Amino acid sequence: MSLLLGSHVGLGGKDQYLGSVKEALSYGANVFMVYTGAPQNSFRKPVREMRIPEAIDLMRQNGIDPASVIVHAPYIVNLANPDPEKRAFAVSFLTEEVMRTSAMGAKTIVLHPGAHMKDGPEAGIERIADGVKKILAATASTDVAIALEGMAGKGTEVGRSFDELGLLLALIGPTPRVGVCFDTCHTHDAGYDVIDDFEATLDVYDKIVGVDRILVLHVNDSKNERGAHKDRHANIGFGQIGFAALSRIVHHPRFETIPKILETPYVPDETNPALGFPPYKFEIAMLRENAFDPDVMAKIRTQEAKEEVGD
């Protein structure tokens, strides 16, 4: 089976979802992740304006399964919010996001569980579980699954440990429509060893959360030392985790059928810091070939590279 590897891509302009597919193809990706609209607000175009049929046609022409596309929920909603009105808005908005995900032909939406806002992780976990169950009930006509993402542990984030994720899943109850997203940077920053003893870490994860619950793998290097709880992504091979460890994870046999998504930062233009170049074509190629290129940053920064990836 071909390695399922891609990156987060944009959605906007006249091409909408069709443009997302074109961008993913320009990186050599066979999966990708996308927002259904701007992540910083709740405005969403009607699905009829998103050019979904053309996007699905282009995916099928290029060997991308529309069902393997990953949607990421925006960060503006918080199912753990102590304020009942804001929590109700989060449930309503995320219900619509799940329905939009279904209309796009995708089957998985990644969700940051939420932040308890100094109300305590136990209370936050209970509120998130209640919210997820309400969303599942309101979207019972779909088969879209919610992937709760493990977090780095900054602020009052819920999901900062395997134990918190395991408890959250237990409170939601057994259902094929809820799984998890394993993020390499978040796991490293949360204090787990993904570099020197990943097999032992994965065994612990399996006992508490369940490897079979992983629906998406986020592949990111980290700017931080292990256990920093900061969540600052770095480009593949240029952070504290390193290329060798990340490539081992990407090629791990237990992840063979799981979509793997890069969320690494754009590489800045050294002559104009306001500009940046997407690294994904190069990072995807390195990971596919399991071969690190120490000169890749210089290549990404060239104008030729920018034109090649269709920026």
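Guide: Start with the largest cavity, lined by 15 residues. Gly-150, Met-151, Phe-162, Leu-165 and Thr-187 lie nearest its centre. Keep in mind that this is a predicted model.

Visitor: Which elements give two or more residues to the lining of the largest cavity?

Guide: Look for helix H5 (162–172), strand S6 (178–183) and helix H6 (184–189). S6 gives the most, with three residues.

Visitor: How much space lies in the largest cavity?

Guide: About 80 Å³. Next, sort its lining by class. The lining has eight nonpolar, five polar and two charged residues.

Visitor: How many cavities of 30 Å³ or more does the count come to?

Guide: The count comes to two. About 40 Å³ of space lies in the second largest cavity.

Visitor: Which residues line the second largest cavity?

Guide: Find Ala-73, Leu-94, Val-98, Ile-109, Leu-111, Ile-135 and Ile-146. Two elements give two or more residues to this lining: helix H3 (84–103) and strand S4 (108–111).

Visitor: How do the residues lining the second largest cavity divide by class?

Guide: Seven are nonpolar, with no polar and no charged residues. In the largest cavity, by contrast, the lining includes five polar and two charged residues.

Visitor: Now the pockets. How much space lies in the largest pocket?

Guide: About 210 Å³. Its lining is made of 14 residues. Those nearest the centre are Tyr-75, His-112, Gly-114, Ala-115 and Glu-157.

Visitor: What classes of residue are in the lining of the largest pocket?

Guide: Nine nonpolar, three polar and two charged residues.

Visitor: Which residues line the second largest pocket?

Guide: Take them in order along the chain. They are Leu-4, Ala-67, Ser-68, Val-69, Ile-70, Lys-107, Thr-108, Ile-214, Leu-215, Thr-257, Ile-258 and Pro-259. By class, eight are nonpolar, three polar and one charged. The space in this second largest pocket is about 170 Å³.

Visitor: Let us turn to helices. What describes two packed helices?

Guide: Two values: the angle between their axes and the distance between the axes.

Visitor: Which residues of H1 and H2 meet?

Guide: From H1, take Tyr-17, Leu-18, Val-21, Lys-22 and Leu-25. They meet Ile-52, Glu-54, Ala-55, Leu-58 and Met-59 in H2. By class, this contact has eight nonpolar, no polar and two charged residues.

Visitor: At what angle do the axes of H4 and H5 cross?

Guide: Roughly 45°, and the axes come within 9 Å. H4 spans residues 121–138. The angle makes H4 oblique to H5. The crossing of this pair is right-handed.

Visitor: Which residues make the contact between H4 and H5?

Guide: On the H4 side, pick out Pro-121, Ile-125, Glu-126, Ile-128, Ala-129, Val-132, Lys-133 and Leu-136. On the H5 side, pick out Glu-164, Leu-167, Leu-168, Leu-171 and Ile-172. The classes are ten nonpolar, no polar and three charged residues.

Visitor: How do H5 and H7 pack?

Guide: H7 covers residues 198–208. The two helices pack at an angle of about 25°, with their axes 9 Å apart. That makes H5 roughly parallel to H7. H5 passes H7 in a right-handed crossing.

Visitor: Where do H5 and H7 meet?

Guide: In H5, at Phe-162, Asp-163, Leu-165 and Gly-166. In H7, at Thr-201, Val-204, Tyr-205 and Ile-208. This contact has five nonpolar, two polar and one charged residues. Now look back at where we began. Phe-162 and Leu-165 meet H7, and they are also among the residues nearest the centre of the largest cavity.

Note on methods:
Residues are numbered from 1 along each chain as its sequence is written. This is a predicted model: local features need pLDDT of at least 70, side-chain atom pairs count only at pLDDT 80 or more; totals for chains, interfaces and linings use all residues. Side-chain values use heavy atoms; hydrogens and water are left out. Contact means heavy atoms within 4.5 Å. Helices (H or I, at least four residues) and strands (E, at least two) are DSSP runs, numbered from the N terminus. Ala, Val, Leu, Ile, Met, Phe, Trp, Tyr, Cys and Pro count as nonpolar, Asp, Glu, Lys and Arg as charged, and the others, Gly among them, as polar. On a 1 Å grid over the protein atoms alone, a cavity is a set of points where a 1.4 Å probe fits but cannot get out, and a pocket is an open set with protein on both sides within 12 Å along at least five of seven lines; lining residues have an atom within 4 Å of a point. Grid points are joined across faces, edges and corners, and a volume is the space filled by probe spheres set on the points. Axes are lines fitted to C-alpha atoms, for helices over the stretch in contact, and angles run from 0 to 180 degrees between N-to-C directions. Angles under 35 degrees count as roughly parallel, over 145 as roughly antiparallel, 65 to 115 as roughly perpendicular and the rest as oblique. A crossing is left-handed if the near helix is turned anticlockwise from the far one by less than a right angle, and right-handed if clockwise.
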